[in-house]
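Here's a quick briefing on side-chain contacts, for reading alongside the model. Have the sequence to hand as you go through it.

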Amino acid sequence: MELSRGLISARLPSSTLRPVYAPRGCRRLPFGTFSQPQPPSSVQEHGCSRALRPRQEWVEGWVRSNDTLVRGLPILVGGASLVAVLLNRAVSSIAAVADASSSQSRADILTLALSVTDILAGLVWLSIRPKSISPVVPRGVECKRVGPGVSSSALHELLWTWDSLTTATCCKSLVVVYGGNCILQIGVAAGTQEDGNALTVDAQMFIQGSLYKSAMESRKQSYLANLALYPGRSELPFLPGNTQALILQPIGDNGIAIVGGDTIRGFTNIDQAWIAMIADKLDATLSKS
């Protein structure tokens, strides 16, 4: 019994304790465990992707800088093939009339068909070009109007929203209608014909329109990517006449935010989701004020 106690209470010599090191390529985890080493294939694939990326970017840049040449390349290839077939037919001792029993005639016919197809494809490429979309300068006057009864905290929140939208998106105009009143009109607004000042927002007339009703009934964001194609733009006379894109974002059950942009399809999916989150934040602030 005493012998067994002595064996249990005996301390191991320090020379027998050896530190345990993590194997190469492993990651130390809690409680002294180690993760499995990464296979070399993943490292090689990652390195290959990095090596191929500069080459892909160079090819893409060259194609963009030589767009007309790339679009006309099928015409050059088809025309050269057509001329080569005709010269081969004229120089060789083959009869000028196509003979169905001759393999050379059948090959020439196929080559001519492919050449004409290349020429037609090049003509289509040259005639169809993507339309470049660029921002426009809104036609209007700068405006900053705050409705009556807006608390200082709510005003601070509204101005923060405006600064954030103009910094991160293509927003150039912002109108917030809440509780049946226009509490904020800021950015570029349409000017009046009399004195050229910013046109005042008629909140009651806007609330009676179809745009407001459809947005509030659905309680979802309405994105008009190309405002010129929508007849409902007549309900927004307070916005610049050349507003390109529009977002109608409900603010809870009592209001709506009208966000006007200067670029067709300028608001991305991330912008739309972010504006929806800002509207929730505004609803929480305005409902308390």
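**Side chains at a glance**

Val77 is found in helix α3 (helices are DSSP runs of H or I with at least four residues, strands are E runs of at least two, both numbered from the N terminus). At 41% relative accessibility, Val77 is partly exposed (buried is under 20% relative accessible area, exposed over 50%, partly exposed in between, with a 1.4 Å probe and protein chains only). This is a predicted model, where local features need pLDDT of at least 70 and side-chain atom pairs count only at pLDDT 80 or more, while totals for chains, interfaces and linings use all residues. Residues are numbered from 1 along each chain as its sequence is written, and side-chain values use heavy atoms, leaving out hydrogens and water.

**Surface patch**

- Val77 belongs to a nonpolar surface patch with Trp58, Val59, Trp62, Val63, Leu69, Leu73 and Leu76, about 760 Å² of accessible area together.
- Patch residues have over 30% relative accessible area and no salt bridge; nonpolar side chains (Val, Leu, Ile, Met, Phe, Trp, Tyr) are joined within 5 Å, like charges within 9 Å.
- Helices α2 (40–65) and α3 (67–91) are the elements giving two or more residues to this patch.

**Salt bridges**

- The structure holds three of these (a side-chain nitrogen of Lys or Arg within 4 Å of a carboxyl oxygen of Asp or Glu).
- Arg71 bridges to Asp67, with the closest N and O atoms 2.9 Å apart; the two are four residues apart in helix α3, so about one helical turn separates them.
- Arg71 is buried at 14%, whereas Asp67 is partly exposed at 29%.
- Lys281 pairs with Glu157 at 2.1 Å between the closest N and O atoms, linking helix α8 to helix α5 (residues 152–168) across 124 residues.
- The charged end of Lys281 also sits over the ring of Trp160, 5.1 Å from its centre (NZ of Lys or CZ of Arg must be within 6 Å of the ring centre and within 35 degrees of the ring normal).

**Aromatic pairs**

- A search of the whole structure turns up three (ring centres of Phe, Tyr or Trp, using its six-membered ring, within 6.5 Å; planes under 30 degrees apart are stacked, over 60 edge-to-face, the rest tilted).
- Phe206 and Phe238 have ring centres 6.1 Å apart and planes at 80°, so they pair edge-to-face.
- Phe206 is buried at 2%, and Phe238 is buried at 3%.
- Tyr223 and Phe267 are also edge-to-face, at 6.1 Å and 85°.
- Phe206, Tyr212 and Phe238 make up one aromatic cluster.

Key:
Areas by Shrake-Rupley, 256 points an atom, 1.4 Å probe, with all protein chains shown as cover.
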